[in-house]
Amino acid sequence: MMTAAAKSAERIYAVLIRHLYILRGSKARIIEIIYWPSVQMILWGFISRFFAMSGGQAGMGQKAFGILLGAVLLWDMLFRTQLGVTLSYLEEVWARNLGHLFVSPLRPWEWWMAMMVFSVLRALAGMLPATILAIPFYGYSLFDLGLPLLFFFFNLMFMGWWLGFLIMALLLKAGQGAETLAWALTFFLAPFCAVYYPISSLPGWLQPVAQAMPASHVFEGLRSIINNGVFEASHMWWAFLLNCGYMAISMFLLQLSFNSARKAGTLLQSGE
Amino acid sequence: MPFTISVKDLTKQYKNVLAVDGISFTVKKGSITALLGGNGAGKTTTIAMLLGALSPSSGSIHILGHDMLGNRYPALQRMNFSSPYVDLPWKLTVRQNLRVYGKLYNVPDVEDHIVKLAKELDMMDFIDRPVGKLSAGQKTRVSLSKALVNIPDVLLLDEPTASLDPDTADRIRTLLDDFRKKHHTTILLASHNMREVERLCDNVLMMKKGKIVDTGTPTELVKRYGRKDMEEVFLDVARGTGKGDQTGEAA
């Protein structure tokens with residue numbers, strides 16, 4: 001006799017293998033997952049090297065190189081995680097399979113948990129080759145950041161999750177017409193996330209907006225390590241607390257959209 | 001007599017449309033009940049509410065003793081559903097789909113069970129082919145196999161033999177009847193195939209404009225309407241011309 005926890009774990013596993021089967025059956029999708037982060041890394045690697053070569057003060061150029069390339073790789077982690085969540089949902093819509101899922105014993109939280117796990121696997125599948133390729137290409141290893149890298153990763157994935165759920169809530173409410181959000185919303189937030197520049201370089205009125213973005217604190221933390229060799233834990237705490245708040249809001253909105261879809265009867269009709 | 005499905009005053013009101021209008025009915029354990037009615041009668045809406053995919057505006061639904069408007073998951077574990085209007089992932093093979101759904105329903109020994117089901121539904125020839133590459137009839141069989149994967153106590157079927165050739169449709173009906181007898185499964189099906197209803201169903205709920213306008217066994221209904229078969233009864237109810245029609249529109 002299975003326990004309730006074992007049953008939940010099996011249902012989460014079921015959703016995971018469903019998405020892994022899609023990947024396994026499509027070489028194009030696997031290549032796409034690895035291709036874009038690697039291309040980003042190569043492109044930004046050369047741009048960063050150019051800055052490094054033209055850096056004014058001794059050592060400044062090298063630091064700029066590390067900051068830019070590190071930021072590119074970490075930002076991609078966030079984007080790929082968000083995309084992993086959103087695409088897991090869209091795959092069900094495109095396959096017109098939502099109806100079967102919603103009338104199965106799969107609890108919403110189990111579905112969301114499976115999406116989070118899948119998004120991490122998907123993001124790592126793209127991120128790791130790009131990060132490893134940067135070592136022979138540019139002699140740059142993101143892993144040199146050491147333990148703080150784990151905190152950076154965690155907070156960026158956390159932000160990717162709630163952004164993914166927020167987009168899912170909007171898609172449930174607005175339908176597939178809003179599908180572009182899956183690719184656009186995270187990039188819309190990029191200018192406020194202080195990815196490539198410090199918060200202090202933003203106009204004064206924009207700085208509070210940037211302070212409210214969990215990713216800003218991660219990138220400030222990255223710059224602090226590279227510039228000063230100091231890991232500022234306060235940035236990670238701020239990122240974590242903000243992420244918790246946004247996750248709560250996203251889940252609330254997702255539940256509202258879900259209830260609204262059940263009321264309107266769109267769950268059984270979603271499809272291409 | 002315990003009722004597996006018990007529906008009371010169930011209503012679904014969209015903005016300007018009353019899709020289901022205060023229907024009440026019960027379904028006995030191990031019986032096969034048909035929901036009959038023309039397009040827009042409210043059959044699919046009723047099934048969607050029974051499954052929990054659609055919130056009713058008012059009323060109550062109890063299935064296997066569980067309040068479906070409260071905690072529906074214990075009942076959903078013991079239910080299943082098939083509809084030609086809801087697809088299974090096309091890129092996954094039949095076996096992969098059944099494995100995913102077997103695990104979603106926590107089916108023990110799922111691999112053996114899949115093979116057994118595939119043999120019963122004559123699907124072994126295409127079990128490792130993607131669902132998207134199958135014929136309409138094969139897809140219907142796959143959808144039905146998904147609905148049987150957890151050996152449900154309650155099975156809700158929307159047009160279970162749609163797109164099937166007469167031979168396969170006949171074998172599916174036999175399989176459903178045998179399955180019901182073997183597992184005491186309660187089946188509620190929406191169908192437009194009156195021969196299917198006559199052959200399989202113990203009870204019929206005739207729906208029109210969101211209401212249940214008549215109920216009875218196929219034999220009782222045929223007799224009450226003074227017709228030779230269910231096809232003629234269906235036309236009487238749909239057109240409001242029958243002498244047994246209770247909608248007030250009878251000629």
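## A sheet in chain B

In strand β2 of chain B, residue B:L18 is the bridge partner of B:Q13. This is a predicted model, in which local features need pLDDT of at least 70, side-chain atom pairs count only at pLDDT 80 or more, and totals for chains, interfaces and linings use all residues. Residues are numbered from 1 along each chain as its sequence is written, while chains are lettered from A and ligands numbered from 1 in the order in which they are written.

β1 (residues 3-13) of chain B pairs with β2(B) in the antiparallel sense over 7 bridges; two strands pair if DSSP finds at least two bridges between them. Altogether, 4 strands of chain B form an open, antiparallel sheet in the order β2-β1-β4-β5. β2 (18-28) and β5 (66-67) stand at its edges with a single partner strand each, so one side of each has no neighbour in the sheet. Strands are DSSP runs of E with at least two residues, helices runs of H or I with at least four, and both are numbered from the N terminus.

## Where the chains meet

Now let's look at both chains. 27 residues of chain A are in contact with 23 residues of chain B, contact meaning that C-beta atoms, placed from the backbone, lie within 7 Å. On the side of chain A that touches chain B, the elements giving two or more residues are α1 (4-24), α4 (98-102) and α10 (233-264) of chain A. Of these, α1(A) gives the most, with 9 residues.

Note on methods
Contact = placed C-beta atoms within 7 Å.
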